[in-house]
Amino acid sequence: MSYTFDKTFSITLLALSILFIFQATQISDSAYGSTVGPKIFPLGLGIILGLLSLQLFYESWKKAVRERVTGGPTTSSKISSTELKKFLIILGSALAYVFFLEKIGYMITTFLFLCISFQTMERTKLIYSIIIAAGFSLGVYYLFTSLLGGSLPSFPIF
Amino acid sequence: MSTLQFLADGFAVALQWQNLLFALVGVIIGTAVGVLPGIGPMSGVALLIPVTATITAGLPTEAAATSSIILLAGVYYGAMYGGSTTSILLNTPGESSSVVTTLDGYQMAKQGRAGSALSIAAIGSFCAGVVALLGLILLANPLSKLALKFGPAEYFSLMLLGLAAVSGLAGRSITKALIMTVLGLMLGTVGIDAVSGIERFTFGQPMLFSGIEFLTIAVGLFALGEVFKTILEKEEEDGQLAKINRVLPTKQDLKDSAVPIARGSLLGFFIGVLPGAGATLASFFSYITEKKFSKTPEQFGKGHIAGVAGPESANNAASGGAMIPLLTLGIPGSGTTAILMGALIMYNIQPGPLLFDEHPQVAWGLIASMFIGNLMLLALNMPLVRIFAKIIETPKKYLLPIIIAISIFGVYAVQFATFDLFLLVACGVLGYLFAKNDYPVAPLVLALVLGPMIENNMRRALTISNGDFSIFIIKPLSLLFLVVAISWLLIPLIMKIRGKNVLINEEG
């Protein structure tokens with residue numbers, strides 16, 4: 001477990017809570033004479049989050065100090081660089097998939113995304129990957145559009 | 001009409017052919033979800049909401065809601081069955097709620113008694129399902145009558161109690177759990193305020209006007225988060241499937257496990273009804289209880305049948321018990337029930353005391369279908385357990401990308417917006433980071449579902465009292481809920497300070 005994440009996260013949260021409180025004060029009041037407007041609840045939440053983030057910062061700081069005293073951080077599960085690379089490729093292709101979905105259609109993007117990520121996971125049996133990816137993208141598209149009457153972006157619109 | 005009459009109507013609904021099919025599909029998918037490590041009941045249910053929403057799109061709203069909730073609930077309790085299979089055969093629990101089953105179940109499998117263990121687990125789960133069902137039938141009416149007397153102040157405090165209970169038990173650090181709760185509540189305030197019609201935190205973006213969709217967040221945090229985790233942290237796959245010789249248990253096994261099943265079912269049911277304490281805690285408690293009551297406690301851990309029968313009954317009973325606060329009070333006590341509640345709200349059906357009056361078809365249909373679903377699981381699991389165990393051999397290479405593709409398809413099919421898809425992927429990354437750093441995700445989703453209702457009830461209560469906050473303390477029931485809520489948060493804290501170990505609930 002890394003306390004750096006906790007620390008960074010607590011500072012982010014503090015910033016978020018300040019921003020949230022500021023935004024909450026900008027909310028306009030109710031038009032009619034209700035005593036509790038739409039402001040109070042978010043305002044309260046912002047304040048509570050601010051306090052909690054301070055508490056989190058204090059806790060993680062205390063733990064980090066204790067660790068420095070006892071020496072050596074507790075063993076954490078290290079992520080190997082190959083796994084990280086795989087993850088980044090899949091994440092990147094997922095983002096590209098989402099970005100191009102409406103532009104070049106569901107079937108092509110899904111097929112490409114699946115092919116890339118299957119092969120990224122394990123670089124074997126390209127034929128199987130292509131067959132499964134094609135089967136999934138075509139199958140989902142036709143089931144959804146013809147059987148269930150839904151609509152998905154089909155092919156690129158030029 | 002009497003309860004029995006309602007129940008009969010419920011069976012009439014549940015026995016319609018499409019609902020039978022939905023229950024069957026639900027329990028089969030649930031078993032698969034339970035068998036596969038890496039996909040828990042929460043992500044399974046979240047992933048299937050959009051799919052069921054599209055399948056049921058042609059039906060009238062109420063029928064559609066009934067059918068999809070039948071399927072989703074089937075996934076929920078089906079996963080409890082499936083989780084035991086891999087615990088026993090592979091020593092790898094498919095769910096956190098079947099961790100204790102590995103202790104004795106795997107030992108039994110090693111001794112060549114895998115079949116007995118599996119069938120006892122299935123029988124135990126079935127009995128527990130029936131116990132939970134009876135409890136639900138008995139408690140549904142009185143509880144919803146009681147809840148009808150609640151005003152906004154009571155509701156506000158009761159929901160706070162629900163949140164407090166889930167946060168108090170949700171993880172190693174209460175601070176982190178509370179942070180997640182508050183973040184969920186904050187996300188719930190985005191959009192147009194339901195009372196005054198004023199935009200809040202939308203920054204003028206039209207796609208934020210209707211608020212942040214709960215479905216996107218849930219699928220992202222749970223399903224994608226778990227997929228990313230599996231990609232990044234490659235687990236060593238070890239162990240071979242133990243052989244299954246005979247499927248039916250011996251008479252001796254049945255005799256030995258009858259009492260543990262009964263005890264486990266009752267214990268699990270009551271733990272399930274309590275908010276915050278879910279199936280995982282129930283199975284742990286049941287194991288400890290069985291060990292205490294057993295005449296041969298030294299046999300535990302070496303393949304004692306009671307060590308399988310008790311916990312497996314308890315986790316199933318707990319998942320049934322967890323439906324009670326959801327259906328009668330409208331307050332989900334766990335992550336999975338929060339997702340089920342979100343699904344109901346998507347169909348414009350508000351769980352709560354009025355559910356039984358306004359939509360008896362949904363409520364009783366679900367209750368009846370749970371009975372039928374449990375029967376199906378028993379019938380399916382005994383002969384097909386070998387096939388189900390094979391599911392674990394699905395190569396991750398194909399499984400993980402397909403889960404991503406299904407999530408993206410599902411969210412797009414319901415939302416029709418790429419904005420939600422980007423949010424989905426972002427939530428996936430966050431879900432992984434949160435899980436890795438011990439931030440429990442279930443409270444966030446629960447808070448997101450409850451948030452708008454908490455705020456509405458708070459404002460209604462304050463309007464009644466003319467802005468006087470003491471209304472929450474003056475009303476006795478409301479005060480009681482608040483006191484319980486605070487103690488739920490404080491007692492674990494005090495126990496921790498005293499250096500005692502606190503059981504935590506890692507599943508939702």
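Modeller: Gladly! Let's begin with the two chains: 50 residues of chain A are in contact with 47 residues of chain B. This is a predicted model, where local features need pLDDT of at least 70 and side-chain atom pairs count only at pLDDT 80 or more, while totals for chains, interfaces and linings use all residues. Residues are numbered from 1 along each chain as its sequence is written, and chains are lettered from A and ligands numbered from 1 in the order in which they are written.

Colleague: What makes two residues "in contact"?

Modeller: Their C-beta atoms, placed from the backbone, lie within 7 Å. On the side of chain A that touches chain B, H3(A) gives the most, with 11 residues. That side divides into 33 nonpolar, 11 polar and six charged residues.

Colleague: What makes a residue nonpolar, polar or charged?

Modeller: Ala, Val, Leu, Ile, Met, Phe, Trp, Tyr, Cys and Pro count as nonpolar, Asp, Glu, Lys and Arg as charged, and the others, Gly among them, as polar.

Colleague: Why is the pattern of chain A written α-α-α-α-α?

Modeller: Helices (H or I, at least four residues) and strands (E, at least two) are DSSP runs, numbered from the N terminus. Chain A has five helices and zero strands, and reading along its sequence gives α-α-α-α-α.

Colleague: How do you know the span of H18(B) is close to the expected one?

Modeller: The expected span is 1.5 Å times one less than the number of residues. Helix H18 (residues 418-436) of chain B has 19 residues, with 27 Å expected, and reaches 27 Å from its first C-alpha to its last. Just after H18(B), B:Asp438 takes a positive phi of about 70 degrees.

Colleague: Why are some residues of H18(B) called buried?

Modeller: A residue is buried if 20 or more other C-beta atoms lie within 10 Å of its own, exposed if 12 or fewer, and partly exposed in between. Among those of H18(B) that count as buried are B:Leu424, B:Gly428 and B:Tyr432. Their cover includes helix H3 (81-104) of chain A, along with helix H9 (214-232) and H17 of chain B. In chain A, 25% of the 158 residues count as buried.

Colleague: What angle do the axes of H4(A) and H17(B) make?

Modeller: Axes are lines fitted to C-alpha atoms, for helices over the stretch in contact, and angles run from 0 to 180 degrees between N-to-C directions. Here the axes come within 9 Å and cross at roughly 145 degrees. The residues of this contact divide into eight nonpolar, two polar and two charged.
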